[in-house]
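Let's take a walk through this structure, starting with its open space and ending with its aromatic rings. Have a look at the model first.

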Amino acid sequence: MAEGAGRPRLLQISFTSLTDYLFLLKACAVALRPLGSRALLYLAAAVSDFYVPPENMPEHKIHSDAGPLQLRLHLVPKMLKPLICCWNPTAYVVSFKLETDENILLDKARRALATYKHKASLVIGNELHSRKHRVVFVTSDDHEVINLTPEQMAAGVEIEQIIVEKLVKRHTEHVRNSPTRSSISEVSMTGGSVSNSSSLP
């Protein structure tokens with residue numbers, strides 16, 4: 001936990017279920033709305049595309065004598081649209097697009113941006129087998145491929161470090177060009193926690 005002026009500046013909130021994640025995503029986005037363009041939402045949690053709604057969950061053990069099991073999975077609700085349109089329209093939003101086919105990665109990332117029509121958005125695209133050393137930053141205007149060099153990999157540099165460094169520069173530029181200014185706050189939602197760091201006292 002980071003410390004600033006003698007007080008904690010990093011808040012980590014654990015979550016385990018899809019319901020937890022979606023609820024906390026909305027709560028964090030709404031809480032950061034007063035910060036305007038200085039709010040950055042880094043949506044790195046690997047959320048499944050499909051799920052079983054709680055009301056369809058069996059109450060007791062599923063017995064094998066009932067025969068082969070058939071599952072009907074539902075699509076996970078798309079939360080980027082309400083996040084951008086309603087919960088926090090001025091935040092800088094970073095989302096991820098993971099694919100197993102590199103040939104469709106850039107197109108899928110661009111289609112996601114076109115769907116939500118949010119200028120202050122960035123999609124980080126990665127391919128399953130190369131995700132630890134290669135990603136692509138995609139915006140509505142351009143894209144930037146980021147590769148770790150052999151020297152960086154030999155030195156143990158992780159690509160997340162490069163991602164964060166580049167995001168800091170992009171977000172700083174976004175804030176500089178935005179009309180609203182207030183204390184910087186960031187929320188990072190990763191696989192098991194939500195992290196919030198703020199320069200507010």
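What volume does the largest pocket have? Keep in mind that this is a predicted model. The largest pocket comes out at about 1200 Å³. It has 33 lining residues, and Ala 45, Val 47, Phe 96, Lys 97 and Leu 98 sit closest to its centre.

E7 gives the largest share, with 5 residues.

Now for the rings. How many aromatic pairs does a search of the whole structure find? The search turns up 2. One of them joins Phe 15 and Tyr 21, with 5.4 Å from centre to centre and 50 degrees between the planes, which makes the pair tilted. Phe 15 is buried because its relative accessibility is 10%, under the 20% cut-off. Tyr 21 counts as buried too, at 7%.

The pair of Tyr 42 and Phe 96 also has its ring centres 5.4 Å apart, but here the planes stand at 85 degrees, so the pair is edge-to-face; anything over 60 degrees gets that label. This pair links distant parts of the chain, 54 residues apart: Tyr 42 belongs to strand E4 (residues 39–43) and Phe 96 to strand E7 (residues 92–99).

Are these two partners buried or exposed? Tyr 42 is buried, with a relative accessible area of 14%, whereas Phe 96 is partly exposed at 28%. Phe 96 is also one of the residues closest to the centre of the largest pocket.

Notes: Residues are numbered from 1 along each chain as its sequence is written. This is a predicted model: local features need pLDDT of at least 70, side-chain atom pairs count only at pLDDT 80 or more; totals for chains, interfaces and linings use all residues. Side-chain values use heavy atoms; hydrogens and water are left out. Rings of Phe, Tyr and Trp (its six-membered ring) pair if their centres lie within 6.5 Å; planes under 30 degrees apart count as stacked, over 60 as edge-to-face and the rest as tilted. Buried means under 20% relative accessible area, exposed over 50%, partly exposed in between (1.4 Å probe, protein chains only). Helices (H or I, at least four residues) and strands (E, at least two) are DSSP runs, numbered from the N terminus. On a 1 Å grid over the protein atoms alone, a cavity is a set of points where a 1.4 Å probe fits but cannot get out, and a pocket is an open set with protein on both sides within 12 Å along at least five of seven lines; lining residues have an atom within 4 Å of a point. Grid points are joined across faces, edges and corners, and a volume is the space filled by probe spheres set on the points.
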